[in-house]
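Hi,

Here is the structure I said I'd send over. Have a look at it first, and then read on for what turned up.

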Amino acid sequence: MRGVLSFLAGDVVPATSVIGLQWGDEAKGKIVDLLTERHDIVVRYQGGNNAGHTVKFGGHTYKLSLLPTGILHSHVKSVIAPGVVVNPMAVLKELDGLAAGGQDCSSRLLISDRAHVICPWHMLEEAALEKSRGASAIGTTMRGIGTCYRDKVGRSHAIRVGDLLCRDQFAAKVREIVPFKQKLLNALDPDCEQMDTEKIISEYSAATDRIRDMVIDTTPFLLDALDQNKWLLFEGAQGSLLDVDHGTFPYVTSSNSSGCGLHNGSGVPERAIVEMIGVAKAYTTRVGGGPFPSELENEVGQRIRVAGNEFGTVTGRPRRCGWFDAVATRYSARISGVDSIAIALLDVLSGFEEVFVCEAYEINGQRTQNLPSRCEDLAAAKPILKRVPGWKEDITGITNFDDLPQSAQEYCRSIEAMVGRPLKFVSVGPDRCQTIRMF
Ligand code: GDP
Ligand code: IMO
Ligand code: MG
């Protein structure tokens, strides 16, 4: 509806966004890659190198973390927008990895001078904070994401990509910040690493020399691109349930990883988006701590983990697995206002006698279809499961929805009905060609 009205109004050009509807790793990278062909620019607008997106095509597997998935396409400009937190070493490591594989992508990348820089003290502080939480640790990726966002909002000790460009100004900031942070770190953990200020300055300056030409103010670049009728694709990282404001706080990431983060992270108004696609797995996974009502801490969960190869791209941690949670996914679809959904990894459920969908929670004896705002209530939620017959067939070669086994079709249709948004894609394997298009 949004798309039709916008086109009739004649005031926007095609801009699409892809976001995760669960706790991350929904196969956003695969869906973004599918859509990239018809776009000119792909934009990452939140998160950092905590993300891990795997893309497969042409017999190759690519693993991306901070770089937008569009980087794999030579006709596309990839943009790291203001809302991303950037570790310059991580940018170079990824670019070098791609170059070693024969793809020199540096001329396709643009990095916002407004984006904030992850520095060594962010990782050290995160390690100390996580250690101090003991059993209630968030289970972060240890990439300095939350501590960098905290300094951004706090302002006093923040460094932006633009600050890196002037070596003297950058060095002055580091010389001011390091003693303060070291005092804090020593108090948190007497055994903590002692930072070498001059080494940090020289390492970051050397990295800056390699990214200097990529740094621009991406905001007018994106707004001008819209005016010039270019096609823009926005790639969400993490998932809506990890959103710092709307997710399962405090077991979340530190950015707005639902659709709500698109405008503030990119500088492009949300009304310019013609279609927002929400991606969900056919079951649920979660990495790190926090409540997970439909979790299967048994051999069924283990079977899904093995069949879906559910081990983190970034940290290699085994992902927690459970049945599809329609309550949580519907909530995500509603807060982000997604227009359609993609169901991924449907093939992983092949061979189960029966599969289940969590259609409601029971919390303190009360049935609800709303995601509670308090993490303690979510932890107390018992899943109310709906049984759906399974299917035995291998579905990894199917490209037409009508060719799926009847029960697999019914499973997808019941998810569609419970989430309340139309199906756009069904993914039946990791490769680009293992995709059912519903249009
Ligand atoms: P993202 O973070 O949302 O981009 O997702 P990840 O890439 O971290 O995790 C999704 C994983 O599932 C990757 O290893 C993909 O290669 C893989 N994958 C994507 N779609 C499918 C699918 O339909 N079936 C199977 N079996 N694997 C898939
Ligand atoms: P993609 O883009 C899954 C999780 C971490 C941890 C919490 C906070 O691949 O879907 P952070 O390091 O961000 O402060 O950690 O968020 N997390 C993810 N889980 N997929 C991701 O990204 C994630 N990025 C962060 O495991 O629980
Ligand atoms: Mg991932």
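**What turned up**

The side chains of Glu275 and Ser340 are joined by a polar contact of 2.9 Å. Glu275 belongs to strand S11, which covers residues 275-281. With a relative accessible area of 19%, Glu275 falls under the 20% cut-off and therefore counts as buried. Before going further, please keep in mind that this is a predicted model.

Ser65 is another one to click on. You'll find Ser65 in the loop between strand S4 (60-64) and strand S5 (77-80). Its relative accessible area is 15%, so Ser65 is buried too, given that buried means under 20%. A polar atom of the Ser65 side chain lies 2.7 Å from the backbone oxygen of Ala51.

Now for the ligands, starting with ligand 2.

- a polar backbone atom of Asp25, 2.8 Å from an oxygen atom of ligand 2
- an N or O atom in the Lys28 side chain, 2.7 Å from an oxygen atom of ligand 2
- an N or O atom in the Asn50 side chain, 2.9 Å from an oxygen atom of ligand 2

On its own, ligand 2 has 550 Å² of accessible area, and the protein covers 97% of that.

Ligand 1 sits in the second largest pocket. Two elements give two or more residues each to the shell around ligand 1: helix H2 (28-36) and strand S3 (53-57). H2 provides the largest share, 3 residues. In total, 18 residues surround ligand 1, with Lys28, Gly52, Thr54, Asp347 and Ser427 the closest. They divide into 5 nonpolar, 7 polar and 6 charged.

Which atoms of ligand 1 come within reach of Asp347 and Leu345? A nitrogen atom of ligand 1 is 2.8 Å from an N or O atom in the side chain of Asp347. At Leu345, a backbone N or O atom lies 3.0 Å from an oxygen atom of the ligand. Arg319 also takes part, with an N or O atom of its side chain 3.4 Å from an oxygen atom of ligand 1. The protein covers 92% of the 580 Å² of accessible area that ligand 1 has on its own.

Cheers

Note on methods. Residues are numbered from 1 along each chain as its sequence is written. Chains are lettered from A and ligands numbered from 1 in the order in which they are written. This is a predicted model: local features need pLDDT of at least 70, side-chain atom pairs count only at pLDDT 80 or more; totals for chains, interfaces and linings use all residues. Side-chain values use heavy atoms; hydrogens and water are left out. A residue is near a molecule or strand if one of its heavy atoms lies within 4 Å of it. A polar contact is a pair of N or O atoms within 3.5 Å; within protein, one must be able to donate a hydrogen and the other to accept it, and residues adjacent in sequence count only if both atoms are side-chain atoms. Accessible areas come from the Shrake-Rupley method with a 1.4 Å probe; for residues, only the protein chains shown count as cover. On a 1 Å grid over the protein atoms alone, a cavity is a set of points where a 1.4 Å probe fits but cannot get out, and a pocket is an open set with protein on both sides within 12 Å along at least five of seven lines; lining residues have an atom within 4 Å of a point. A molecule sits in a cavity or pocket if more than half of its atoms lie within 2 Å of its grid points. Helices (H or I, at least four residues) and strands (E, at least two) are DSSP runs, numbered from the N terminus. Ala, Val, Leu, Ile, Met, Phe, Trp, Tyr, Cys and Pro count as nonpolar, Asp, Glu, Lys and Arg as charged, and the others, Gly among them, as polar. Buried means under 20% relative accessible area, exposed over 50%, partly exposed in between (1.4 Å probe, protein chains only).
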